[in-house]
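Thanks for coming. I have one structure to go through this morning, and I will take it in pieces.

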Amino acid sequence: MAARKSAKSKPIVPGGVEDYIEQCPEEARPRLREIRDAIHDAAPGAVETVSYFRMPGYCYEGYDYNGMFAWFSFRKRCVRLHVRPPVLTDHEQDVAGFSATKAIISFPLDRAIPKELVVKLVGASIAVMTGKQQGA
């Protein structure tokens, strides 16, 4: 499928993720690096940036919303993964046991990031973005 470019796309400025991590509390940094590594595994070659919402985000240029498909953040003793809807509702059983909204799943700092789950969710978010999700 050909990429769909949004008329409202702004230039993506790569970088800034390590600075974001370093500004977070020291106890959060290992988990932030874990989620970053899992996203890299799920999305090789994605552009890594800190432009949307002032949090680390990942994109493949040429799609709507500047090709953004995943973000991560730190908030209140949790590392959060942000993905495109309806990924989390489509994976309701997989995310059971974690606090989740329609687009954000929170992982507590006292537990390792579930890498396989992050890879699965990021892959699903890419599929939503590119229109390749099941049933599309």
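What you see is a predicted model, in which local features need pLDDT of at least 70 and side-chain atom pairs count only at pLDDT 80 or more, while totals for chains, interfaces and linings use all residues. Residues are numbered from 1 along each chain as its sequence is written, and side-chain values use heavy atoms, with hydrogens and water left out.

The overall layout comes next. The protein chain has 136 residues, and 45% of them count as buried. There are five helices and six strands; helices (H or I, at least four residues) and strands (E, at least two) are DSSP runs, numbered from the N terminus. Read from that end, the order of elements is α-α-β-β-β-β-α-α-β-β-α.

Now the sheet. Two strands pair if DSSP finds at least two bridges between them. The six strands make an open sheet in the order β1-β2-β3-β4-β6-β5, and the pairing is antiparallel. At the edges are β1 (47-49) and β5 (99-100); each has a single partner strand, so one side of each has no neighbour in the sheet.

Going across from β1, three bridges pair this strand with β2 (residues 57-59) in the antiparallel sense. Thr49 has Gly57 in β2 as its bridge partner. Then β2 is joined to β3 by three bridges, again antiparallel, with Cys59 opposite Met68 in β3.

Strand β3 (residues 68-75) has six of its eight residues buried, so the rest of the structure largely encloses it. Its antiparallel pairing with β4 (residues 78-83) runs over six bridges, and Phe74 has Val79 in β4 as its bridge partner. These two strands form a hairpin with two residues between them, and in the turn Lys76 has a positive phi of about 45 degrees.

Tyr20 is in helix α1 (residues 17-23) and counts as buried, at 14% relative accessibility.

On to charges. Side chains of opposite charge can pair when their charged atoms come close. I count a salt bridge when a side-chain nitrogen of Lys or Arg is within 4 Å of a carboxyl oxygen of Asp or Glu. How many salt bridges does that rule give? The count is 10.

I will show three of them. In one, Arg31 and Glu34 meet at 2.5 Å, N to O. Both are in helix α2 (residues 29-42), three residues apart, so about one helical turn separates them. Glu34 is partly exposed, at 26% relative accessible area.

Another salt bridge links Lys115 and Asp41, also at 2.5 Å, N to O. Lys115 is in helix α5 (residues 115-130) and Asp41 in helix α2, so this pair ties together parts that are 74 residues apart in sequence. Lys115 is partly exposed, with a relative accessible area of 43%. Asp41 is partly exposed too, at 45%.

Salt bridges with shared partners also join Glu18, Glu22, Arg29, Arg33, Arg36 and Glu48 into one network. Within that group, Arg29 and Glu22 form a salt bridge at 3.6 Å, N to O. Arg29 is buried, at 19% relative accessibility, whereas Glu22 is partly exposed, at 38%.

A disulfide is a pair of cysteine sulfur atoms within 2.5 Å, and the search of the whole structure finds zero of them. Cys24 is buried at 8% relative accessibility, and Cys78 is buried at 18%.

Last item, the lining residues of the largest pocket. Nonpolar here covers Ala, Val, Leu, Ile, Met, Phe, Trp, Tyr, Cys and Pro; charged covers Asp, Glu, Lys and Arg; the others, Gly among them, are polar. By class, the lining has eight nonpolar residues, one polar and one charged.

That is the tour.

Note on methods
Buried < 20%, exposed > 50% of the residue type's maximum accessible area, 1.4 Å probe, protein only.
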